Each structure stands twice: as structure tokens, then as C-alpha cells.
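Me: I am new to this structure. Please show me how to read its features.

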Amino acid sequence: MKRYNFNKNNELHLLASNSELKSCLTCICFDNFNAFVSDNYSILKIPVNRISNLSEDDVCRLNGKLLEANDYRRILKFDVINIGEDGITAHKGELTEFFKFQDFTYIDYEKALSIIRKYELSITDNMVFSPERLYNMCRAYGNRQAIPTLKYKGESRGIEVVFSDNDDDIDAFIMPIRR
């Protein structure tokens, strides 16, 4: 049986928050044919058709849905998934499991991306970013051969992560933090 699922190499769950304080950030949001994931310090927007082999109908069924990041991680282990109104049913051999969509309100990711692009932040000696966030961003992106480039100029709008094989349909940012 041919695999019909998200690509195993796109580990989006690594960019989700594991903080119970912001429940929506523990999820992956599917909207406008994209997947969005953020932990409040990094954000990735990537087209669903770049991270899966799902049909256009199934991608449409995902629109507006939230999936718990740990559920996404578990779904990657299955061979075939079916997208329903309330969740995803995953199959591997005789094993079948249901993963319910979440009922949170997700952050306004388009507004967040707009603010990050406009946000002016002076990079100082006290500003750092976590290499682990970049590593997780690369694993979420999924192409192990793609080389990430970090872009910022004295005044930063967040550190943009651009991958060598990106054709401009992906937005990826890491926010620097103060030490």
C-alpha cells in the first residue's frame, strides 16, 4: 500500500510550544492551504502540498483545523490517513487510530507574520537566538540537503530563515531574545 500521509521528514511538531499556558501554540494550524506552527519565538508557514502527498480535497478539509503537535508526530508513523470533519483517522496494517482536531482559537498568523516583517529591533550584544530553534526549523522544513541562510540587517524584523531550495512560498522566522 502506498503511503498517503504527511512527509516523515517534515517534523513540524518540533516547532510547536510545549507550554500548557498557550494551548493554541501546542498545535499545528492548517489554513489557506498552508500549515502554520509557532512556539512564540519562531514561526513557520509552509504549503501543505510541500509537506504531504494529500489530495487537493483533503488539503481543503484541513483548512481551518488545529491538530495537536504530539498527534501530528504520532500520525507520521502511520501509512495512510483519512481527513474527516472532526479529525484524522490513521491506519497502519491492522492498527487504526483517531486524532481529534482541537477547538482552540489559533493566533492570527498572517498578522503575526506582518508584524515580524515590520518590527524593528536593534540587534545588540544582549540579543541571541537559539541554535536549537534553527535546528528544529530545518527539521520541520524537511529537506536535509537545503542550506538555511539567516537574513537580518542592523535593524531586524526577526531573523528570516531562507532555505537554498525555497521558491518563496515559505515564511520562516526566528525571533532573537535578550540574554
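Reply: Start with burial: buried means under 20% relative accessible area, exposed over 50%, and partly exposed in between, with a 1.4 Å probe and protein chains only. Y141 is buried, and F163 is buried too. The model is predicted, so local features need pLDDT of at least 70 and side-chain atom pairs count only at pLDDT 80 or more, while totals for chains, interfaces and linings use all residues. Residues are numbered from 1 along each chain as its sequence is written, and side-chain values use heavy atoms, without hydrogens and water.

Me: How is a pair of aromatic rings described?

Reply: By the distance of the centres and the angle of the planes. Rings of Phe, Tyr and Trp (its six-membered ring) pair if their centres lie within 6.5 Å; planes under 30 degrees apart are stacked, over 60 edge-to-face, and the rest tilted.

Me: How many aromatic pairs does this rule give?

Reply: The count is 4 aromatic pairs. One of them, F6 with F30, is stacked, at 5.7 Å centre to centre and 20° between the planes. F6 is in the segment before β1 (27-31) and F30 in strand β1, 24 residues apart. F6 is buried, at a relative accessible area of 0%, and F30 is buried, also with 0%. Y141 and F163 form a stacked pair as well, with 3.8 Å between centres and 0° between planes.

Me: Which residues do ring pairs link into a cluster?

Reply: F6, F30 and Y72.

Me: Which residues does R74 contact, beyond its neighbours within four places in sequence?

Reply: Contact means heavy atoms within 4.5 Å. R74 touches E97 and F99 in this sense. At 31% relative accessibility, R74 is partly exposed.

How values were computed:
Helix = DSSP H or I, 4+ residues; strand = E, 2+ residues; numbered from the N terminus.
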